[in-house]
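The exercises below are meant to be worked with the sequence and the 3D view side by side. Try each task before reading its solution.

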Amino acid sequence: MSDKRLGITLNDNELPKRWYNIQPDLPEPLSPPKDPEHGESRVKALPEMLLGECLRQEFSPDKWIDIPEPVRELYVQAGRPRQLFRAKRLEKALKTPARLYYKAEFYSPTGSHKVNTALAQAYYAQKEGYERISTETGAGQWGTALAYGASLVGLPSIVFWVRAVHDWKHDRKNLMKLYGAEVHASPSNLTGAGRALYNQNPKHPGSLGIAVSEGLEVAKNDDKTIYSLGSVLNHVLMHQTVIGLEAQKQFEIAEDYPDVVISCLGGGSNFGGFALPFVGDRLTKKRDIRFIAAQSEVAPNLTGEYKYDFADHAELTPMMKMYTLGHRKEMRPIKGDGLRYHAAAPVLSLLRKHGIIDTIAYPADEKHVFEHARTFVRTEGFLPAPESAYSVACAIDEALACKERKEEKCIAFNISGHGFMDMGGYSEVLGL
Ligand SMILES: Cc1ncc(COP(=O)(O)O)c(C=O)c1O
């Protein structure tokens with residue numbers, strides 16, 4: 001193995017030209033969204049909720065969707081393609097026979113993979129004539145990415161941010177503002193969905209489901225504002241497949257191929273983006289790959305019930321068939337709060353139902369996760385976001401299991417974001 005293969009870089013012209021839509025390769029068709037028994041039709045209202053192009057992509061039967069040239073340019077400006085690293089120093093520290101590789105989504109202007117769909121959605125919003133974009137955010141990474149994407153295409157944005165995180169990530173809030181976003185702690189008293197909860201408890205910690213309702217409501221009440229979602233939906237996961245498509249090329253250069261593919265999973269956008277191209281290989285080329293989603297015990301949505309549920313707290317969205325803990329489930333805040341969502345993306349839920357995705361839920365005190373992340377920081381030098389620390393922990397656990405069993409497996413994991421603005425999480429959990 002030459003040193004060149006420690007950090008595998010692609011050229012600009014190797015940036016994927018198309019996103020991968022797994023829908024035609026799935027073992028069975030996705031169940032369509034449906035309406036609840038009572039009330040207005042949410043399904044009929046979908047064209048008012050989503051960007052026209054995103055709605056088309058959401059139900060597209062095409063396996064490949066062209067990435068518009070202006071979006072590819074924005075990807076290049078945001079630093080794509082991103083490196084795939086061989087974690088030699090970590091392997092040595094763990095004394096494992098496993099080969100570990102990680103994808104560096106933390107090399108992002110705003111800190112995470114979320115820019116991959118934010119740039120696409122902001123581009124479509126501007127093209128379709130909208131004047132503002134509204135959204136929710138948990139960890140704050142999606143809110144920052146959307147504020148950044150909107151600002152690059154010249155649009156303002158409004159972000160509803162889960163209060164439990166909003167109240168400790170002050171610098172990230174200022175970064176969103178710097179990009180021109182209006183930022184509100186959620187639940188807020190600005191929307192009907194938020195007000196009822198806010199009035200009961202002005203310090204309500206909030207949840208992604210509540211913040212989604214608020215973002216949707218603001219867009220519903222203003223023709224010129226469009227709502228944009230950062231996870232869960234098919235088109236969002238598809239925009240993220242640039243991660244896995246690049247990784248596939250990088251494994252060719254490394255003359256290696258993963259036996260195990262790992263990432264953290266909240267709603268599923270980074271896991272889907274990294275894993276789905278490899279899931280495609282498993283489904284169409286019969287490659288033998290294991291997929292593991294790293295989750296928290298506070299929100300182990302992949303171990304919930306597989307049924308129709310809403311994506312938000314106020315029931316504004318259509319119902320989707322997915323593994324869910326229930327859209328009003330109370331889950332206590334954690335430092336990797338971007339993983340605190342009640343349901344997993346329908347595509348990933350279907351794959352879970354077919355036994356293709358395994359999941360592990362780490363203890364709510366997050367000690368195990370942050371301790372493993374510390375080992376990674378000390379050996380590889382990069383600081384993972386708290387959510388990405390779950391990927392790291394899971395990869396290390398797998399590498400240690402390989403050591404135990406004397407197995408030389410190839411383990412690939414995605415580091416979805418950096419933790420420069422999340423040090424409070426590390427300090428609190430590790431007592432720094
Ligand atoms: C860095 C990072 N990784 C992962 C996630 C989890 O979201 P998803 O499952 O959509 O990737 C988040 C969510 O905020 C995040 O900020």
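**Exercise 1. Explain how Glu-53 and Arg-56 are placed relative to each other in helix H2.**

Solution. Glu-53 and Arg-56 stand three residues apart in helix H2 (residues 52-58), and therefore about one helical turn separates them; helices here are DSSP runs of H or I with at least four residues, strands are runs of E with at least two, and both are numbered from the N terminus. The two residues form a salt bridge in which the closest N and O atoms are 2.8 Å apart, a salt bridge being a side-chain nitrogen of Lys or Arg within 4 Å of a carboxyl oxygen of Asp or Glu. Arg-56 has a relative accessible area of 45% and is partly exposed, where buried means under 20%, exposed over 50% and partly exposed in between, computed with a 1.4 Å probe on protein chains only.

A note on the model belongs here. The model is predicted, so that local features need pLDDT of at least 70 and side-chain atom pairs count only at pLDDT 80 or more, whereas totals for chains, interfaces and linings use all residues. Residues are numbered from 1 along each chain as its sequence is written, and side-chain values use heavy atoms, with hydrogens and water left out.

**Exercise 2. Find what the salt bridges Arg-290 to Asp-358 and Lys-335 to Glu-428 connect.**

Solution. Begin with Arg-290 and Asp-358, whose closest N and O atoms are 2.9 Å apart. Arg-290 belongs to strand S11 (residues 290-296) and Asp-358 to strand S14, so this pair ties together parts that are 68 residues apart in sequence. Both ends are partly exposed, Arg-290 at 35% and Asp-358 at 28%.

Go on to Lys-335 and Glu-428, whose side chains meet at 3.4 Å, N to O. Lys-335 sits in the loop between S13 and H14 and Glu-428 in helix H17, 93 residues apart, and the pair thus links distant parts of the chain. Here Lys-335 is buried at 14% relative accessibility, while Glu-428 is exposed at 58%.

To place these pairs in context, note that the structure holds 21 salt bridges, and that a network of them links Arg-80, Arg-82, Lys-103, Glu-105 and Glu-246.

**Exercise 3. Is helix H14 mostly covered or mostly open, and what do its buried residues pack against?**

Solution. H14 is mostly covered, since six of its eight residues are buried. The buried residues are Pro-346, Val-347, Leu-348, Ser-349, Leu-350 and Leu-351, and they pack against H11, H13, S12, S13 and strand S14 (357-362). After the helix comes Gly-355, with a positive phi near 75 degrees.

**Exercise 4. Locate the cis peptide bonds at Pro-81 and Pro-187, and the positive phi values of Val-232 and Glu-366.**

Solution. The bond joining Arg-80 and Pro-81 is cis, with omega about -10 degrees, and Pro-81 lies in the loop between H3 and strand S4 (84-86). The bond joining Ser-186 and Pro-187 is also cis, with omega about 5 degrees, and Pro-187 lies in the loop between strand S8 (181-186) and helix H9 (192-200).

Turning to phi, Val-232 has a value near 70 degrees in the loop between strand S9 (225-227) and H11, and is buried at 4% relative accessibility. Glu-366, with phi of about 65 degrees, lies in the loop between S14 and helix H15 (367-380) and is buried at 3% relative accessibility.

Notes
Contact = heavy atoms within 4.5 Å.
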